[in-house]
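I opened this model today to look up a few things, and these are my notes in the order I took them.

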Amino acid sequence: MIRISDIIDKVSKHNPDADIDIIDRAYIYSARVHDGQMRLSGEPYLSHPLEVAGILADMKLDPVSIAAGLLHDVIEDTHSTPEEIQEMFGQEVVHIVSGVTKISVLSFNSSQARQAESIRKMILAMADDIRVILIKLADRLHNMRTLQFQKESKRKRIAQETLDIYVPLAARLGIYWIKNELGDILFKHLYPEEYANIERLISKDKKESDKYIEKVKNLIKKKMDEDNLKCQILGRYKNIFSIYQKMVKQNLPFEEVYDIIAFRIILDTVSDSYKALGLIHSLWKPVPKKIKDYIASPKPNMYQALHTTVIGPFGERIESISKKFAWIQNLVENQKIFSNPDEFLENVRIDLFPDEVYVFTPQGEIKSLPKGATPVDFAYQIHTEVGSQCTGAKVNGHIVPLKHELETGNIVEIITTKNHHPSKDWLNFVKTVKARSRIRQWIKTQEKDRSITLGREMCEKAFRKHRINFNELLKSEDMNTVIEHFGFKEADDLITSVGYGKITPLQIIRKITPKPETEKDHESIFNKIIVRVREKKPRAGIIVKGVDDILIRFGKCCQPVPGDAITGYITIGHGVTVHRTSCINALKMNPERQIDVEWNKDATETYPAKICVSSSDRVGLLADIAANISKSGANILNANTEIRENRIVDSFFTLAVEDIKHLDRVVSAIKKVKLVHDVKRV
């Protein structure tokens, strides 16, 4: 068992100015609260936090991390409380220890193996300080080193969990020595026969291999010295689990795994790394397609290196790595460069998944959702029916509003009510595509039902005026021709279109009962003249494609003017409402109700447009703004002002303008007024 004096010696060696007192106090406290507790190995429980602290000291972490390592189990396994730890060791230590405890109490059973990636992401997201993850990895490493004292069934479960979660975490953070040691231990327990076989094959030629490593290292060193490249050269055996993975992945026997021995050349700069790669290739012939540039394209953990495989001095393949340290290794191994603790802490904060949150169902299953997601998003993630019938939610046992934003680690319970339906208002706060599409689908269905009822009523009423029985007509062959003419497959689609306002009952009537030729021939000259005049008369400022004589309204929310990109939405019983295409209200509407509209270039009208003028307060300000508006040919329909605390005046004007170009001219004129800071369209 490692002693506290050994740990302090390690810390003092790499950081002579370290605060040893906090480590001493953490050791004494941990020894007191763990007193009497034993591990399965028969050792005092204190041996475990000491070994964890020793691993952290080997990683050259700061005194706060070492202290937190000594205390990492006390909240979970003793009578200690977070309040007591905070009082004795400060906020920083209790924050780290609480973070480790949160991860330790998560339950990862076998049924969740398929969720391994979500679990890994959730652990990283929960740890807002990377030292939480480093302590958890050190904790897992020591537990794996003593795994032989567990029952066989538990050994296999812990080994599998380590494979699924902690090995990828160590790799993600670039701490490969922990990844490799964990991999070898878990492999030994999960596949003991395969482990023993590969270990035997490696040991068989170990003496010869050691000589070979020294010979190749000397050749590389000589080549680098010739070019004055300062470097460190390491030769290593690939770890047993990595060899096994390669054998399985590439379906190779042990003898054909060529990179059992790899060489690592560590240099100071990127340019030196590329120069070293060139020298290696001049020394030995590279294998085609085996060069990987992780400097130009770093791995997700920011690992940077150049990998190459060459034909070595004896005709064998050698894997060579010209490397710059991964950022995380650099951070934990070289923290001496940080002049103060705050600077170091800022550099170890972690937020690898800022756009995702990971929450639990009451049964412990993890769901991944986008940041800002709500209980409604969560409900639809469970099942469409749960989402549709959602009437309330509990987060960590407390009732919350449906628009409450979920956070990583929340336990979410959905309250449903039979026969309840989605609300259109949910579209204002849901974040997932699934929730949004299901809500819109329900709204679309409801609107279609209402539109078919309204369309039938409108048709029956209009047809009665022309003494035609609409319901009988639906069964006739004539109706099939009309349905086909308007591009529909069924009568219900045609009737729905009438309810939406896309087609008028009169259009259907005209198609069914066209005027006889004789009537057209005897049409009066007066009527013909009137028709021509109507056709040529400029219509309103909007043309609705394919529809005549329809009521037009402009959206008050966005107030479009000629020159704006626009779209129309049919409003049941109120004609077509025109919005700017970028209008948030338009984007929320059912696409089925959308209709093509365009500006009528022949129209000569003015349109309201609202602007906000921000300026410093002064005498005569409004008069000068109003004068410039008038000079630009615009009329003021409405005006009001608001004064902020910093004496900035926001003046809101509703102006009558001809088009977007006219509005731009007005805005430019206002910007010339003294002390005006900004003019924007509202």
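**Entry 1: the sheet**

I looked up Lys394 and found that this residue stands opposite Ile399 in strand 9. Strand 8 (residues 390-395) and strand 9 run antiparallel and are joined by 3 bridges. I note the terms here: helices (H or I, at least four residues) and strands (E, at least two) are DSSP runs, numbered from the N terminus, and two strands pair if DSSP finds at least two bridges between them.

The model is predicted, so local features need pLDDT of at least 70 and side-chain atom pairs count only at pLDDT 80 or more, while totals for chains, interfaces and linings use all residues. Residues are numbered from 1 along each chain as its sequence is written, and side-chain values use heavy atoms, with hydrogens and water left out.

**Entry 2: Lys418**

Is Lys418 buried or exposed? I found Lys418 exposed, with a relative accessible area of 71%. The cut-offs are under 20% for buried, over 50% for exposed, and partly exposed in between (1.4 Å probe, protein chains only). Lys418 sits in the loop between strand 10 (412-416) and helix 20 (433-465). Its C-alpha atom is separated by 6.3 Å from that of Gln389, 29 residues apart along the chain.

**Entry 3: helix 23**

I checked helix 23 (residues 491-500) and found 7 of its 10 residues buried. Among the buried ones are Leu494, Ile495 and Tyr500. Their cover includes helix 20, helix 21 (470-474), helix 22 (477-485), helix 24 (505-512) and strand 13 (566-570). Just after helix 23, Gly501 takes a positive phi of about 100 degrees.

**Entry 4: Ile198**

Which residues does Ile198 contact, leaving aside neighbours within four places in sequence? I listed Phe187, Ile240, Ile243, Tyr244, Met247 and Phe254; contact means heavy atoms within 4.5 Å.
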